[in-house]
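Biologist: Please take me through this model, one question at a time.

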Amino acid sequence: MPPYIARAASKVWRRISMETMVEVPLLLERWKFLLLGLLCQYLHGLAARGVHYLHRPGPTLQDVGFIVLPELGQEKAYISETVFSTIFFTFILWTFHPFICHSKKFYTVLLWCRVLAFLVVSQFLRIVTFMSTQLPGPNYHCREGSKLARLPHPDSILEVLFLNFPRGVIYGCGDLIFSSHMIFTLVFVLTYQKYGTKRWIKQIAWLMAVILSLLIIASRKHYTVDVVVAWYTVNLVVYFVDRQLPEEGMERSGPGGTLPLISINGRDKDSRTKEEHHKLMNGNSGDSPDRRQRSQVNGKFLEDGSPIVSEIIVNGT
């Protein structure tokens, strides 16, 4: 192996090791929250599987998007899935870039806690919506005459609990309002909009979200209302949930991009505030005498005891 490749690999390994030492304590502290978020993902899939048993195929509803956008056809349905997969996996890779890249703006564990919170609230609203009213699915496998449009009665409870993965997830029907693909896409784009650093990537991400919206409608996977409701619902969910989640320790600062893992609690903040207020009431600014100490050199005042190099002209005096 060439020496420069070995040095680069050694640096990357040191970064991964150092970042792991930082992230592991956060993971041990918040693993229950992350596990709950992943469990909610499974419950969301379970609800989508359950509503498929209630789905009844029927004539496709009148839709403005279907009139405006030409139908791609069943053979081109992979295009929208390809765009979504690109957004999905690139976002996951980006969340783990602090383990490799030198510039670090966030902690991966804390970021995923926020992302899962956004997803859980949005998916809960989605479950309530599609369980309330079942619409005839516009997708090809959900139309009248398709064997997958109606699911037969399950032979065992395990068939429901295992979701018939992955076929049951890909060929679901009935879980329409609102689009799950757009939930993930908008949550990921909004998260990068806040914590990402590359402006051109943000612009591309929003463009891909718009393109995916059009492709979902053109592929007849969702009605236009499913996409439209997702756009304003997810944005509102992210806005309000993000305001409720604490930001302490979320973003890194400083040249090395590091913050202390233990944030100051409310009691420490109150005691510090009272101490500073007490000093101000007694006419004390709160600074140490050494900090306020000034000395005078050649008519110039110095702070912090730092010397200033001044020009001294010796004229025999």
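Modeller: Helices (H or I, at least four residues) and strands (E, at least two) are DSSP runs, numbered from the N terminus. This is a predicted model, in which local features need pLDDT of at least 70 and side-chain atom pairs count only at pLDDT 80 or more, while totals for chains, interfaces and linings use all residues. Residues are numbered from 1 along each chain as its sequence is written, and side-chain values use heavy atoms, with hydrogens and water left out.

Biologist: Where is D175 placed, and is D175 buried or exposed?
Modeller: D175 lies in the loop between α6 (167-170) and α7 (180-195). Buried means under 20% relative accessible area, exposed over 50%, partly exposed in between (1.4 Å probe, protein chains only). D175 has a relative accessibility of 16%, so the residue counts as buried.

Biologist: Which residues is D175 in contact with, leaving aside its neighbours within four places in sequence?
Modeller: Contact means heavy atoms within 4.5 Å. With those neighbours left aside, the contacts of D175 are A48, V51, R126, F130 and H222.

Biologist: Why is the pair of W94 and F106 called tilted?
Modeller: A pair of aromatic rings is described by the distance of the centres and the angle of the planes. Rings of Phe, Tyr and Trp (its six-membered ring) pair if their centres lie within 6.5 Å; planes under 30 degrees apart count as stacked, over 60 as edge-to-face and the rest as tilted. A search of the whole structure finds 16 such pairs. For W94 and F106 the centres are 4.9 Å apart and the planes stand at 50 degrees, so the pair is tilted.

Biologist: Which parts of the chain does the pair of W94 and F106 link?
Modeller: Both W94 and F106 are buried, and both belong to one aromatic cluster that also includes F84, F88 and W112. The two residues are twelve residues apart and link distant parts of the chain: W94 in helix α3 (residues 78-95) and F106 in the loop between α3 and α4 (108-132).

Biologist: How many contacts beyond four places in sequence does the model have for residues 283-317?
Modeller: pLDDT is the predictor's confidence in each residue, from 0 to 100. The protein has a mean pLDDT of 80, and 73% of its residues reach 70 or more. Over residues 254-270 pLDDT stays under 50, and the model has 19 contacts beyond four places in sequence there. Over residues 283-317 pLDDT also stays under 50, and the number of such contacts is 25.
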